[in-house]
Amino acid sequence: MDDEILSPKTDYKYAPLQGTHSVRLLTLHPAASYGTPIRISLREASLDVSVKFVAVSYTWATEDGDCSLSKHVWCDGAIIKTTANCDAALRRIRQVEIGFDVWIDAICISQSNDDEKSLQIPLMRQIYGKALWVALWIGEASCTLDEETSRPVTDLAMDFFHNFAVELQGSKDSGQNPRDGTLYQQVVRERNAFRHRGVGAFSPPIRGLWEILHRPWWKRLWVVQEVSIARSPVLLCGSQSVTFDKVEVVIGGLARDHPGKSGDEHEFCANFITDTFPHFVMRDFVKRAQLQSDYTFGNAGPGQKAIQILNNTRNLRATDPRDKIYGIQGFFGDHQSDPENIFPDPDYSKTAADLYGDVARAIIIKTKTLDVLSTCYGCMRTIPDLPSWAPSWNHTPLAFFSVTDFKAANDTDVVCEASGDSQSLKLKGKSVDVVKHVPEIPERLEYTDLECSHLWRQWIDIAFSLKSYPTGEIIADVLLHTLCWGNNTALKRLAQGEYQTNFEAWLKILQSSNPLEAIAKDLYEDEMAYPYTHRAEFLIWGRSLSTTVISHLALVPISASAGDQIVVFSGGKIPFVLRAMGNTFQVIGPCYVHGIMDGEAFQREGAAEDMEWFTLR
């Protein structure tokens with residue numbers, strides 16, 4: 001038996017790094033078998049010179065969520081504790097005869113040293129960009145086996161990745177519709193059965209494909225920059241591998257709107273690749289930026305790239321909420337060379353609340369827009385002491401609408417000034433209405449079909465309690481626009497007559513005398529009503545219909561109350577619900593108020609005289 005294994009285990013003592021651009025590399029020594037204990041050596045290396053190594057992208061936790069330091073590696077006679085998933089990744093890339101250099105964060109960064117972590121984070125871009133190749137470790141093979149071959153379904157899926165990518169690329173090169181491909185149809189043909197049976201409806205390779213594309217690795221924030229910046233990423237699952245360029249072809253093939261692609265097929269494909277899409281978008285962005293020095297993400301101007309990347313990575317997870325900011329800084333250069341880098345330097349002594357507030361303020365000042373406020377909900381602050389005007393970047397926003405096509409403040413400029421308080425933001429705006437009535441909402445809502453139907457029925461009664469509307473429009477038309485935020489499922493402004501027949505069928509079902517169970521069934525199964533049901537369902541989460549003092553209908557945050565002010569800020573595209581808290585105001589959240597979304601309540605002439613300062617906290 002190995003003497004090292006029998007000896008007392010002492011923890012490895014990290015020596016401080018000497019260079020500002022230095023990292024530690026571990027030499028992964030060879031082993032004859034998978035089960036042989038892992039032995040490494042650590043050395044300091046400068047990224048300013050040519051160095052050859054492999055980088056590993058992985059999650060600390062295993063598939064079942066175990067992130068305990070239950071394993072260890074041997075380093076110069078001492079041990080470094082690691083998680084089981086880190087251990088498995090190293091064993092899978094280890095070779096039989098030759099040792100090689102590896103960078104993996106859990107071992108190469110002293111995890112107990114916050115100062116070192118703050119200095120190492122800015123180097124992530126260089127680490128993953130300089131690596132010979134990057135191992136994208138998503139975990140061991142599936143426990144679900146194919147009955148015919150006894151192989152894990154994920155092994156079959158890795159083969160399918162290659163063949164599907166070849167088919168899709170061939171269709172593109174020949175100008176054919178990818179939907180005509182055999183493997184494409186194999187993926188989408190069970191979409192109706194999937195709605196009722198889940199992954200059990202799929203054939204083994206497709207079930208494996210679904211499992212791979214929904215592994216926890218895709219949900220981890222840090223891996224977005226790791227895969228996007230990598231020169232040669234390779235996806236590893238168990239003992240199988242596939243180059244990431246083939247994964248990109250598959251994701252792109254399912255994402256694109258091919259001729260003849262129906263709405264339900266588009267939604268199924270989006271659901272299939274939803275966890276992978278941020279990686280696909282950001283890797284595509286990095287490629288374009290490398291090819292075109294003048295390429296910009298969205299509208300030009302400092303801050304635009306920051307807010308776009310923050311929004312694209314909003315649903316991804318980070319154990320430390322500060323890493324929702326620090327974990328994307330690899331997409332930016334240093335402050336001197338990259339004007340788009342509006343972020344503060346990584347500093348783990350700063351609280352998440354202060355960091356999120358600093359970033360939100362910088363985005364407003366640099367972009368000269370208030371778009372960043374559109375995801376602020378006072379009732380959903382998951383960070384202690386977070387200002388109500390700063391987005392909780394570690395929380396999925398209640399979006400499903402676009403602010404782009406609205407202009408509630410009529411193309412005016414944002415007017416803000418320093419408040420002298422990091423917790424406050426001073427904006428000029430105009431109070432245009434007041435919330436009058438918000439129906440009672442159950443304490444616990446799961447938004448089942450039955451619960452949504454009950455809420456809609458309640459809201460219809462509220463809407464038709466209005467005798468007339470300030471714009472002169474009929475109440476039914478106002479309700480149609482309000483419950484879908486004036487947007488369709490593509491998040492574009494509704495065209496004339498869009499959803500009209502769907503809404504009428506939807507309204508007829510809700511106004512029937514049928515029991516609520518029958519109404520819910522009809523709303524979701526009636527072919528004419530369902531498109532509007534589907535769109536309105538997205539907007540019902542976390543919101544309520546209300547009336548206002550001057551008889552508007554408003555879709556407001558669920559935490560809004562009678563007496564809250566509806567305010568349009570100068571330079572804002574949409575109105576907000578604010579609550580007076582003494583001399584300051586709390587942002588309750590954005591709202592849709594039909595009849596003021598296009599500047600009707602904020603005329604440019606005399607706007608400056610009508611505005612007042614609002615101090616937000």
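**Entry 1: cores**

I began with the largest nonpolar core, which has 172 residues; F272, W456 and W506 touch the most other members. I note that the model is predicted. I looked up which element gives this core its largest share, and found helix 16 (residues 352-367), with 9 residues. I also found a second, separate core of 18 residues. Its members include A554, V577, I588 and V593.

I then listed the neighbours of W456, leaving out residues up to four places away in sequence. W456 touches L483, W506, L510, L523, Y524, T533, A536, E537 and I540.

**Entry 2: S544**

I located S544 in strand 12 (residues 543-548). Is S544 buried or exposed? Its relative accessibility is 0%, so I count S544 as buried. I checked its contacts beyond four places in sequence. S544 is in contact with V438, P439, I441 and W459, and also with A554, L555, V556, P557 and I558.

**Entry 3: helix 6 against helix 9**

I looked at helix 6 (residues 153-174) and helix 9 (residues 204-213). Their axes come within 7 Å and cross at roughly 90 degrees. I therefore record the two helices as roughly perpendicular to each other. Helix 6 makes the contact with V153, T154, L156, A157, M158, F160 and F161. Helix 9 brings P204, P205, I206, G208, L209, E211, I212 and L213. I sorted the residues of this contact into 12 nonpolar, 2 polar and 1 charged.

**Entry 4: cover on helix 9**

How many residues of helix 9 are buried? I find 7 of its 10, and the helix is mostly covered. The buried residues are P205, I206, G208, L209, W210, I212 and L213. I traced what they pack against: helix 6, helix 7 (182-188), helix 8 (191-197), strand 8 (233-237) and helix 12 (263-273).

**Entry 5: strand 8**

I went on to strand 8, where 5 of 5 residues are buried. P233, L235 and C237 point one way, V234 and L236 the other. As a rule, side chains in a regular strand alternate between the two faces of the sheet.

I followed the pairing of strand 8 next. Strand 7 (residues 133-137) runs parallel to strand 8, joined by 4 bridges. Strand 9 (residues 240-243) pairs with strand 8 in the antiparallel sense, over 4 bridges. There, C237 is partnered by Q240. Strands 8 and 9 form a hairpin with 2 residues between them. In the turn I noted G238, which has a positive phi of about 60 degrees.

Definitions and conventions:
Residues are numbered from 1 along each chain as its sequence is written. This is a predicted model: local features need pLDDT of at least 70, side-chain atom pairs count only at pLDDT 80 or more; totals for chains, interfaces and linings use all residues. Side-chain values use heavy atoms; hydrogens and water are left out. Axes are lines fitted to C-alpha atoms, for helices over the stretch in contact, and angles run from 0 to 180 degrees between N-to-C directions. Angles under 35 degrees count as roughly parallel, over 145 as roughly antiparallel, 65 to 115 as roughly perpendicular and the rest as oblique. Contact means heavy atoms within 4.5 Å. Ala, Val, Leu, Ile, Met, Phe, Trp, Tyr, Cys and Pro count as nonpolar, Asp, Glu, Lys and Arg as charged, and the others, Gly among them, as polar. A nonpolar core is a set of buried Ala, Val, Leu, Ile, Met, Phe, Trp, Tyr and Cys residues joined through side-chain atoms within 4.5 Å. Buried means under 20% relative accessible area, exposed over 50%, partly exposed in between (1.4 Å probe, protein chains only). Two strands pair if DSSP finds at least two bridges between them.
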